[in-house]
Amino acid sequence: MDTRFIHNTHSSRCEYKTENESNSGDEERSSKYSFVSALCMSGGEGDNSYSTNSLLQRRAIAKAKPVLVKNIKELMMDLNFPKYIKVADLGCSSGQNTFLAMSEIINTINVFCQNWNQTPPEIDCCLNDLPNNDFNTTFKFIHSFKEKNLTCKGPYFVSGVPGSFYSRLFPRKSLHLVHSSYGLHWLSKVPEGLEKNKMSVYITDLSPLSAYKAYLKQFQRDFTTFLKLRSEEMVSNGRLVLTFIGRNNMDNPLHRDCCHFWKLLSKSLHDLVIEGFVSASKVNSFYMPFYDPSKEELKEIVGIEGSFEIKDLEEHEYDLGHCNQDQSKRSKSGQNEANYIRAVSEPLLVAHFGNAIINRLFSKFAHHVSQHAGCRNKTTIVYEKQTLVLTNELNNKILAVHCKSKDDDLGNHFLSVGQSQEYKFRDNLWLTTLFWCHMWQGPDFKIHQVFEAYRSEWSKYVGYTYWIGREDGIYFRHEPHGLPLVKK
Ligand SMILES: C[S@@+](CC[C@H](N)C(=O)[O-])C[C@H]1O[C@@H](n2cnc3c(N)ncnc32)[C@H](O)[C@@H]1O
């Protein structure tokens with residue numbers, strides 16, 4: 001998996017203090033890396049908030065949807081359509097993403113029960129995050145959440161559960177389904193033994209191997225604790241659906257590519273050291289409480305801990321292809337990326353460095369992103385344009401076509417033989433775009449077919465989908481070119 005995050009200065013309701021302001025009596029705050037206690041995403045709904053800047057995480061939720069849906073259905077069968085089901089979203093943060101996964105879960109359970117002629121269960125929806133999280137903003141979205149679930153027949157109840165998922169959160173054997181997206185790469189603390197990892201907030205190619213080992217050890221401890229606690233809280237046959245930022249380079253555990261977000265953050269901090277805004281010693285005492293495990297590391301921890309069995313393990317890569325952007329688009333990509341990273345790291349940075357450097361730091365960050373072609377490829381989350389192409393390959397007949405989505409009617413078109421009609425559009429934010437197309441041919445256009453022509457879930461095949469009307473039926477093909485045509 002890949003990642004990005006967010007934060008806000010003014011409207012943030014995530015409360016944190018700088019180290020100098022913090023209360024030294026508290027054990028956690030008096031520890032070496034006391035800024036970790038400030039971990040949360042930027043609250044509120046302002047320009048720098050997580051709520052405004054969490055498109056990347058939203059996309060990750062959408063990509064993981066098929067696995068989530070599959071596991072919910074299997075769970076319902078395994079539990080023999082229970083009357084009551086308790087679901088937890090761990091690390092829910094604030095804003096609309098929080099309810100996105102929960103909506104999906106509620107709808108899937110309801111539709112599945114309807115399809116099997118079963119009464120839908122009462123659903124207990126528990127939203128968890130650290131106590132610093134802006135739960136107020138989250139619960140403001142409850143209205144749109146309810147609107148999205150209008151078709152649900154069964155009752156559901158939403159509650160907030162503040163606390164660390166590295167501690168017990170729920171009664172024994174009470175949870176049926178646990179979902180967590182983009183939370184578990186956050187560690188409970190900065191690992192010990194990073195002193196030799198100079199001028200870098202995370203592992204880089206230049207780090208000593210001991211830095212990698214220290215991070216891995218902390219992740220192993222944290223994730224093992226997480227699994228053990230969940231195994232106590234969950235019923236047998238329960239399901240965990242977890243999405244992390246991970247890495248896929250096994251050969252060199254230190255390698256992170258040139259535009260890895262923490263590398264760019266370190267680079268931006270170096271600029272501020274050179275310009276005299278921050279001291280080198282301050283930078284040398286700041287490390288991200290974060291780890292991006294490989295698939296193999298995850299499998300090993302799950303195996304050794306022993307409470308859970310892995311049913312599905314998927315990797316997704318973001319490679320959004322923005323190589324040939326002109327200058328204005330490049331700086332926009334840089335700004336977007338800076339906003340994502342700011343929204344997830346500002347509370348930690350403010351707690352350690354103070355407020356004054358933040359704007360300057362992220363304008364450096366945006367500049368560094370825009371200087372790397374590789375970064376632009378990987379870090380921009382503007383949805384690619386999708387193209388739908390309909391072509392007439394009938395024998396000497398006109399083909400009439402008409403495509404529509406919930407929001408767009410693309411109108412009627414009459415195609416002569418060999419002619420194509422092309423439509424360009426972008427996926428909606430929720431990645432639920434769905435286009436239906438009609439094709440008519442023959443005398444008085446009486447031969448008619450209607451079909452699903454595009455779904456956001458298919459966007460991994462970006463960006464062309466071709467539909468071809470022939471005498472013996474309708475054929476389709478996704479990008480890339482060279483894939484064979486398939487008859488519908
Ligand atoms: C990047 S956000 C993801 C939010 C949401 N799940 C989404 O996909 O948009 C990660 C969230 O995990 C939370 N988090 C990190 N460590 C946590 C912990 N130990 N316990 C509970 N939540 C935690 C953070 O506060 C943050 O809100």
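## Sheet, ligand shell and selected residues

Five strands build an open sheet with mixed pairing, in the order β9-β6-β12-β13-β14. β9 (420–426) and β14 (486–487) stand at its edges. Each of these two has a single partner strand, so one side of each lacks a neighbour in the sheet. Inside this order, β12 (residues 464–470) and β13 (residues 473–478) run antiparallel and are joined by 6 bridges.

The model is predicted.

### The chain as a whole

The chain holds 11 helices and 14 strands. It has 488 residues, and 56% of them are buried. Among contacts with a separation of 6 or more, 76% are between residues 24 or more positions apart. The accessible surface of the chain is about 21900 Å². Carbon and sulfur atoms account for 51% of that surface.

### A buried strand, β4

How many residues of β4 are buried? The count is 7 of the 7, so the strand is largely enclosed by the rest of the structure. β4 spans residues 175–181. It pairs with β1 (residues 84–90) in the parallel sense, over 3 bridges. Here Ala88 has Val178 of β4 as its bridge partner. β4 also pairs with β5 (residues 234–243), again in the parallel sense, over 6 bridges. In that pairing, Leu177 stands opposite Arg239 in β5.

### The ligand and its shell

There are 22 residues around the ligand. Tyr50, Gly91, Asn97, Asp129 and Phe165 come nearest. By class, the shell divides into 12 nonpolar, 9 polar and 1 charged. Helix α1 (55–78) and strand β2 (122–129) each supply at least two of the shell residues.

How much of the ligand does the protein bury? Taken alone, the ligand exposes 590 Å², and the protein buries 99% of that.

Ser167 sits in the loop between β3 (156–162) and β4 (175–181). It is partly exposed, because its relative accessible area is 29%, a value between the 20% and 50% limits. Beyond its neighbours within four places in sequence, Ser167 is in contact with Leu229, Arg230 and Glu233. Ser167 and Phe226 are 59 residues apart in sequence. Their C-alpha atoms are 7.6 Å apart in space.

Trp436 belongs to strand β10 (residues 434–441). Buried, exposed or in between: where does Trp436 fall? Trp436 is partly exposed, because its relative accessible area is 38%. Leaving aside neighbours within four places, its contacts are His402, Cys403, Lys404, Val450, Phe451, Glu452 and Ala453. Arg455 is 19 residues from Trp436 along the chain. The C-alpha atoms of this pair are separated by 9.2 Å.

Glu346 lies in helix α9 (residues 327–353). Its relative accessibility is 0%, so Glu346 counts as buried, the limit being under 20%. Which side chain does that of Glu346 join in a polar contact? The partner is Arg342, at 2.8 Å.

### Positive phi in two loops

Asn80 is found in the loop between α1 and β1. Its phi is positive, about 55°, although Asn80 is not a glycine. Asn80 is exposed, because its relative accessible area is 62%, over the 50% limit.

Asn396 lies in the loop between β6 (385–392) and β7 (399–404). Its phi is near 60°, a positive value in a residue other than glycine. Asn396 is exposed, with a relative accessible area of 74%.

Technical notes. Residues are numbered from 1 along each chain as its sequence is written. This is a predicted model: local features need pLDDT of at least 70, side-chain atom pairs count only at pLDDT 80 or more; totals for chains, interfaces and linings use all residues. Side-chain values use heavy atoms; hydrogens and water are left out. Helices (H or I, at least four residues) and strands (E, at least two) are DSSP runs, numbered from the N terminus. Buried means under 20% relative accessible area, exposed over 50%, partly exposed in between (1.4 Å probe, protein chains only). Contact means heavy atoms within 4.5 Å. Two strands pair if DSSP finds at least two bridges between them. A residue is near a molecule or strand if one of its heavy atoms lies within 4 Å of it. Accessible areas come from the Shrake-Rupley method with a 1.4 Å probe; for residues, only the protein chains shown count as cover. Ala, Val, Leu, Ile, Met, Phe, Trp, Tyr, Cys and Pro count as nonpolar, Asp, Glu, Lys and Arg as charged, and the others, Gly among them, as polar. A polar contact is a pair of N or O atoms within 3.5 Å; within protein, one must be able to donate a hydrogen and the other to accept it, and residues adjacent in sequence count only if both atoms are side-chain atoms.
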